[in-house]
Each structure stands twice: as structure tokens, then as C-alpha cells.
Amino acid sequence: AYGTEHILSHFWECKRLLDGEISDFHGKKVGVATLLIMEEYEKLASMKSVKAHRESVDWEEVKNAYGELYPEVEKLNCPTNIVDGITPESITENWQKIRDIVKSVPSLSEIKDAMQRAGCALTTKDIAVSDELREQGLIYHPYMRARLSLYRLRGMID
């Protein structure tokens, strides 16, 4: 995942701090984020083939999502960003390899089962992340770091 679950957790933390709120422990949020990210990765890996396109981002929406944090995000993404060197053809041509990587890690159900047995937080409600913040984080967290992840690439997949 290349830290995708950590970046999502950081997004939630930053947004809560901007609202003057202290969020739950980072590790608890990372665990919940892992489940959300793996759910999406498994959906993507179930696709036998894909047709990709160049990334198209509404940077005004990203700016609105990040608020006063946006200048730092902009530095990482404008005028160039991590996906500029990724061609749609390379995603399409390498899709089976990408699927194989996703399928090589423990499944969502295996991770969730282990977390349940350990008594971990499993939902965003368990870590006081609202449905709105959860969805906002899932959409906008990929722009917070200069990391090439499947979550960032998914915006390039039809």
C-alpha cells in the first residue's frame, strides 16, 4: 500500500486539528484505514482488465478539501506530480501484475479477522471519524504526499 493507510490517517488527523479537535491514536486510525484501503484494492484487483486515462483532478476541489493546508499540497502536486510519468498504457499493460501484487497480501477478511481477535477498532465510528470526513479522506488523501499508490492510480482507471 506504500503507506496509503498512514496518509489517510494523517489526513483525518490534520482535518480534526484544523477544527481544534484532538483525534484518536494514530495507530488505531491506521488500522481502520487499512480496512478501507484494502476494500478498495480488492475491488480494483477483481477487475480483469482496465482502460486507463491521464489523471484529471479538479484542483479547486482539492484546495477546498485541504483549506489552509493546501499550499503544502500544491507544492507536491503542481506544476508536476507523481503520476505525470505514468502513461495510461503502462497501467493497462501492467494491470495483471498490479492485481497479482494486491492478491499477494493478506485479504481484507483475513486482516479484519485478525484485528477483531486483537480487539482493534474496525470502523470510523470506533475512532470518531464522521462519515463525511471518512469520504473526504478517501477522495483527497492521495494528494497529501508524493507517493505513487494504487489509490492514486485508481483515478486514472475507467
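Trainee: Quick one to start: is Cys120 buried, partly exposed or exposed?
Mentor: Cys120 counts as partly exposed, at 36% relative accessibility. Keep in mind that this is a predicted model.

Trainee: And Cys14, how accessible is that one?
Mentor: Cys14 has 25% relative accessibility, so it counts as partly exposed.

Trainee: How many disulfides are there?
Mentor: The count comes to zero. For Cys14, the nearest cysteine sulfur belongs to Cys78 and is 18 Å away.

Trainee: OK, on to the nonpolar core. Which residues touch the most other members in the largest one?
Mentor: Those are Trp12, Val62, Tyr66, Ile91 and Trp95, in a core of 38 residues. Among the helices giving two or more residues to this core are H1 (4–18), H3 (59–66) and H6 (95–104). The largest share comes from H2, with seven residues.

Trainee: What is Val62 in contact with, sequence neighbours aside?
Mentor: Leaving out neighbours within four places, Val62 is in contact with Val57, Tyr70, Val73, Tyr140 and Tyr143.

Trainee: Switching to charges. How many salt bridges are there?
Mentor: The count is 10 salt bridges. One of them pairs Glu13 with Lys29, with the closest N and O atoms 3.0 Å apart. Glu13 sits in helix H1 and Lys29 in helix H2, so this pair ties together parts that are 16 residues apart in sequence.

Trainee: Are Glu13 and Lys29 buried or exposed?
Mentor: Glu13 counts as buried at 14% relative accessibility, and Lys29 is buried with a relative accessible area of 0%.

Trainee: What does Arg152 pair with?
Mentor: Arg152 forms a salt bridge with Glu55, and the closest N and O atoms are 2.7 Å apart. This pair links distant parts of the chain: Arg152 is in helix H9 and Glu55 in the loop between H2 and H3, 97 residues apart. Arg152 is buried, with a relative accessible area of 2%.

Trainee: What about Lys75, which residue does its side chain meet?
Mentor: The side chain of Lys75 meets that of Glu72 in a salt bridge, 3.1 Å from N to O. Both residues lie in helix H4, three residues apart, which is about one turn of the helix. Lys75 counts as exposed, at 60% relative accessibility.

Trainee: Which residues are linked in a network?
Mentor: Lys125, Asp131, Arg134 and Glu135 are linked in a network of salt bridges.

Trainee: Where is Lys15, and how far away is the nearest opposite charge?
Mentor: Lys15 is in helix H1. Lys15 is buried yet has no salt bridge, and the nearest side chain of opposite charge, Asp19, is 6.5 Å away. Not counting residues up to four places away, Lys15 touches Ala65, Leu133 and Gln136.

Trainee: And Arg99, buried or exposed?
Mentor: Arg99 is buried, with a relative accessible area of 7%. Arg99 is in helix H6, and its side chain is joined to that of Gln96 by a polar contact of 2.9 Å. Beyond residues up to four places away, Arg99 touches Ala45, Ser46, Met47 and Lys48.

Trainee: Last one: what does the side chain of Thr4 make a polar contact with?
Mentor: That would be the side chain of Tyr41, at 3.4 Å. Thr4 is in helix H1 and counts as buried at 2% relative accessibility.

Technical notes:
Residues are numbered from 1 along each chain as its sequence is written. This is a predicted model: local features need pLDDT of at least 70, side-chain atom pairs count only at pLDDT 80 or more; totals for chains, interfaces and linings use all residues. Side-chain values use heavy atoms; hydrogens and water are left out. A nonpolar core is a set of buried Ala, Val, Leu, Ile, Met, Phe, Trp, Tyr and Cys residues joined through side-chain atoms within 4.5 Å. Buried means under 20% relative accessible area, exposed over 50%, partly exposed in between (1.4 Å probe, protein chains only). Helices (H or I, at least four residues) and strands (E, at least two) are DSSP runs, numbered from the N terminus. Contact means heavy atoms within 4.5 Å. A polar contact is a pair of N or O atoms within 3.5 Å; within protein, one must be able to donate a hydrogen and the other to accept it, and residues adjacent in sequence count only if both atoms are side-chain atoms. A disulfide is a pair of cysteine sulfur atoms within 2.5 Å. Lys and Arg count as positive and Asp and Glu as negative; His and the chain ends are not counted. A salt bridge is a side-chain nitrogen of Lys or Arg within 4 Å of a carboxyl oxygen of Asp or Glu.
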